[in-house]
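Hi,

Here is the structure I promised to pass on. Have a look at it first, and then read on for what turned up when I went through it.

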Amino acid sequence: MNAIPDALPPSARDDQIQPFLLESSGIRGRLLRLGDLGNTIVLRHDYPSPLARLLAEMLALSGALSSLLKYEGVFTAQAKGDGPVSLLVADVTAEGNLRGYASFDEDRLGELLNRDEAPSFQEIMGKGYFAYTVDLGSTQERYQGIVELKGARLSDCLQHYFLQSDQVQSGIVLSADLIGNQWRAGALILQRIPEEGGVEQPISNIDDEDAWRRAMTLQVSCTPEELLDPALSAHDLLFRLFHEEGVRVFQPRSLTGNCRCSRERVSNVLNSIPYEHLEELKVEGVISATCEFCNEIYQFLDGDF
């Protein structure tokens, strides 16, 4: 069936992954719009605006990409480089808990941002790699994809991975920006559905090839303004882009921002450290540990662990 306008207010349509299918070609897709959730995660740290934008994009990318996979544990996407920003990371659990953070050299990034022209993605990240890891939970297995940081945008790195790997054909549109006083982010992914057995078959005829090219053309016509517009629902956007293809929508999946850190987990880590090393960590008799994701501070005294 074709997508129809939502009856919910715009704020209720954010922070969800909307699966969909183009019926004319069998191409599947995911549309993710981050509002309050992404804004909360980004504002937990005092990031300069260009870095906040990159982290918001990473959050959207991680959420959308993870929804294409079946797993029981944790999906993690990260970009590591030797530039002023050394790490961008976001992960999402099978239950939909999303979190992320960035590591950066304040002085180096400040020098870069003080120039007249805006820095490029490559200047911010430097040389490095983009990787995603799927922790399959109880099976104790992990799957990883990795590719060189290459391209003018974060989405280019993922597109480069798709082109260089044996994965199914995929395309992605990714954007983030400060809309009013709130950070918003969005990701739109299209992917050819694997045949039985999980292995994609080569394009067999000109009609299939034309369908994929047409879908890609429609996808890239999505502007950042449309992708991030809080007044434009996911259904309305998909209908605007793909109504001629016959777009069918499925039950959306909600995301939450519950961090997995806890006092107990930090205590377990401290218990594994030799006592003499713990003494070196104390400041005025107190050991403080800060979660890099949520910025929660845990303090411990002698006898607490």
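One cut-off before anything else: a residue is called exposed when its relative accessible area is over 50%, buried when that value is under 20%, and partly exposed in between. By that rule glutamate 284, at 81% relative accessibility, counts as exposed. Please keep in mind throughout that this is a predicted model.

Glutamate 284 sits in the loop that links helix H10 (275-281) to strand S12 (287-290). Its phi is positive, about 55°, although glutamate 284 is not a glycine. Aspartate 15 also has a positive phi of about 55°, and it is not a glycine either. Is aspartate 15 buried or exposed? With 13% relative accessibility it falls under the 20% cut-off, so aspartate 15 counts as buried. You will find aspartate 15 in the segment before strand S1 (16-22).

Now the overall picture. The protein has 305 residues, and 48% of them count as buried. I find 10 helices and 13 strands in the protein. Its accessible surface is about 15500 Å², with 49% of that belonging to carbon and sulfur atoms. If you take the contacts between residues at least 6 apart in sequence, 63% of them join residues at least 24 apart.

Next, the inside. The largest nonpolar core is made of 58 residues, and Leu34, Leu61, Leu65, Leu88 and Phe130 have the most contacts inside it. Which element gives this core its largest share? That is helix H2 (residues 49-66), which supplies 11 residues. There is also a second, separate core of 20 residues, with Phe20, Trp212, Cys222 and Ala234 among them.

Leaving aside residues up to four places away in sequence, leucine 34 touches Asp15, Ala56, Leu59, Ala60, Leu98, Trp183, Arg184, Ala185 and Leu255. So the buried aspartate 15 from above turns up here again.

H2 itself is worth a look. Of its 18 residues, 15 are buried, so H2 is largely enclosed by the rest of the structure. The length checks out too: at 1.5 Å a residue, the 18 residues of H2 should span 26 Å, and the end C-alpha atoms are 26 Å apart, which agrees.

One of the partners of H2 is helix H5 (residues 154-164). The two pack at an angle of about 35°, and their axes are 10 Å apart. On the H2 side the contact uses Leu54, Glu57, Met58, Leu61 and Leu65, and these meet Leu154, Leu158 and Phe162 in H5. By class, that makes 7 nonpolar residues, no polar ones and 1 charged one. Buried residues in H5 are Leu154, Ser155, Cys157, Leu158, His160, Tyr161 and Phe162. What covers them? The cover includes H2, helix H4 (121-125), strand S6 (128-135), strand S7 (142-148) and strand S8 (170-179).

- Serine 254 lies in strand S11 (residues 253-254). At 44% relative accessibility, serine 254 counts as partly exposed. Serine 254 and aspartate 15 are 239 residues apart in sequence, with their C-alpha atoms 6.1 Å apart in space. Beyond residues up to four places away, serine 254 touches Asp15, Gln16 and Gly96.
- Glutamine 182 is in strand S9 (residues 182-192). It counts as buried, because its relative accessibility is 16%. Threonine 40 is 142 residues away from glutamine 182 along the chain, and their C-alpha atoms are separated by 9.0 Å. Apart from residues up to four places away in sequence, glutamine 182 touches Gly35, Asp36, Asn39 and Asp177.
- Aspartate 135 is in strand S6. Its relative accessibility is 30%, so aspartate 135 counts as partly exposed.

Cheers

Note on methods: Residues numbered from 1 in each chain as written. Predicted model: local features only at pLDDT ≥ 70, side-chain atom pairs only at ≥ 80, totals over all residues. Heavy atoms only, no water. Core = buried A, V, L, I, M, F, W, Y, C linked by side-chain atoms within 4.5 Å. Buried < 20%, exposed > 50% of the residue type's maximum accessible area, 1.4 Å probe, protein only. Helix = DSSP H or I, 4+ residues; strand = E, 2+ residues; numbered from the N terminus. Contact = heavy atoms within 4.5 Å. Expected span 1.5 Å × (residues − 1). Axes fitted to C-alpha atoms, helices over the stretch in contact; angles between N-to-C directions. Nonpolar A, V, L, I, M, F, W, Y, C, P; charged D, E, K, R; others polar. Areas by Shrake-Rupley, 256 points an atom, 1.4 Å probe, with all protein chains shown as cover.
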